[in-house]
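The exercises below each set a task and then work through a solution step by step. Please keep the sequence and the structure in view while reading.

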Amino acid sequence: MVTETKTADVSFDSLLKIFTVPEGPDSTLTQIEASLSQNLNQFLREHIVAEEKPLREIEKDFSSAVIPETASFVSDHTEHLLNTVVSHSVHTSAPTFIGHMTSALPYFLMPLSKIMIALNQNLVKIETSKAFTPLERQVLGMLHRLIYRQDDAFYQRWMHSANHSLGAFCSGGTIANITALWVARNNALRAQGSFKGVEKEGLFKAMKHYGYEGLAILVSERGHYSLKKAADVLGIGQEGLVPVKTDANNRLCPKALDETIRSLKTRCIKPFAVVGVAGTTETGNVDPLVEIAHICQEHDCHFHVDAAWGGATLMSNRYRHLLSGIELADSVTIDAHKQLYLPMGAGMVLFKEPDAMKCIEHHAQYILRKGSKDLGSHTLEGSRSGMAMLLYAAMHIISRPGYELLINQSIEKAQYFASLITQQPDFELISEPELCLLTYRYVPKSIQAALARAQGEQKAHLNEMLNDLTQFIQKRQRETGRSFVSRTRLNPANYDHHHTIVFRVVLANPLTSEEILQAILLEQREIAKQVPTLLDRLETFAAQVK
């Protein structure tokens, strides 16, 4: 049986309809809209298939590089998207998918996103954003106050000042981090005497003027990969991103930081910025921010805090203290698409001083004129959408106490899961949760006993075999499609700092229950039994360890 391919009329009148006339009440697209509005998670559960399809098979649906010469009907193409894209997407909002930093979204973001898209504002300048510009400035002010806790007079003076900016709304933490370090670099290599500044004369002349042999950004060994991009883009070079030793809890060691800065200075290398991490992506730990701030002050370094993940913890009066010292930072990155529960594409960088961003200010005759309140004069990105509207709405609808409840439940759920893991005879907790991330692995009881006895090569070999088992369990669990945990690689002390592959979970989704967490461990235990050969080899080798 040959399926007839229907094509739409390509005429200017038919094109005008897709700009002006919505689909009828019985159309596929209209029905999808209704389903999304009525029960978002049910729609996703019904349309994303449980069984994973190999990527090479999915690629077959996207193999043509030809732009179609015939037009499709909207409903027909919507069906195509449901079958080829939606059904094989990742169910990031599923309560059993606890390996992602993305989570379930509040339902009200769907219709509000539609308004935002329909308005199609461009926040690069006032002429294309109007009310969105003061709205975004207010959102930045609200987050600035959450971090720095200045008084009303401060925000009345600076929040809407045409010549100042409290920060920038970005597409994510990468751009936010680059922006913070861009400001730090330009301030470190500012105009002096006849030198016009790095932004005018470039890095080579700046280094020559100041007599530096190199520049350095310091960050813990657990720093986010986006910082390498920043070092590259800013001309520092990836080797200029200097890792600082971390302790057993994956936190930067202040003593090592101080020693590294002093060592760099003896080689005429300027350490112009230090990045403290407030919620590492692998383990969720927070660096000792107060101590880092004092070291930065002593050595005249810009202190940036990458709180893309953990920044939302400031909403919780109960757990805000975990980020103590963040108020001492010169700049802070926060991602709203993580624990502020917004869709992807919403990051921010906030600066303590309202004039910090002057060193990256750009103007043009047709846009971003001096004296205008255009936000684009202080942003790395030019054209930007009105995503700030969604955060503005969320902060009003959920409110700070509502966010506090979400943050508290996520941290306490991680504490529960850590406790549950330690109660299991065949699981091992690798990193204790500080926020709502933790790592663990499946280790049969007999192997735990052998690891306790093993030394040197024997311990390393057991660890490698456990790495293979962990990879198998994680991959099979993902392919089965009922639940998902991610995996990462750490170097824990109890494994003699060998590369150790572990399960990593993020418990931010408010829909994830204790019963689901129990079921995930049960599923992993059952999957482990599906590789009897590997388990037998593990047991045999463990028995030989004396």
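A residue is called buried at under 20% relative accessible area, exposed at over 50%, and partly exposed in between, with a 1.4 Å probe and protein chains only. This is a predicted model, in which local features need pLDDT of at least 70 and side-chain atom pairs count only at pLDDT 80 or more, while totals for chains, interfaces and linings use all residues. Residues are numbered from 1 along each chain as its sequence is written, and side-chain values use heavy atoms, with hydrogens and water left out.

**Exercise 1.** Find which residues of the largest nonpolar core touch the most other members.

*Solution.* Begin with the term: a nonpolar core is a set of buried Ala, Val, Leu, Ile, Met, Phe, Trp, Tyr and Cys residues joined through side-chain atoms within 4.5 Å. The largest such core has 114 residues, and those touching the most other members are M348, L391, Y403, F417, Y440, L462 and L469. Next, look at where the members come from: helix α16 (residues 399-423) gives the largest share, 9 residues, where helices (H or I, at least four residues) and strands (E, at least two) are DSSP runs numbered from the N terminus. Domain 2 (117-397) and domain 3 (409-544) each supply at least three residues to this core, the domain bounds coming from an automatic or database domain assignment. Finally, another core of 36 residues lies apart from it, and its members include L215, V219, A230 and F272.

**Exercise 2.** Determine which residue forms a salt bridge with E136, and whether the two are buried or exposed.

*Solution.* A salt bridge is a side-chain nitrogen of Lys or Arg within 4 Å of a carboxyl oxygen of Asp or Glu, and the structure holds 14 of them. The partner of E136 is R384, with the closest N and O atoms 3.0 Å apart. E136 sits in helix α7 (residues 132-148) and R384 in the loop between β7 (347-351) and α15 (388-397), so that 248 residues separate these distant parts of the chain. Both E136 and R384 are buried.

**Exercise 3.** Describe the setting of the salt bridge between R318 and E412.

*Solution.* The N to O distance in this pair is 2.5 Å. Because R318 lies in the loop between β5 (302-306) and β6 (331-335) while E412 belongs to helix α16, the pair ties together parts that are 94 residues apart in sequence. As for accessibility, R318 is partly exposed at 48%, and E412 is partly exposed at 30%.
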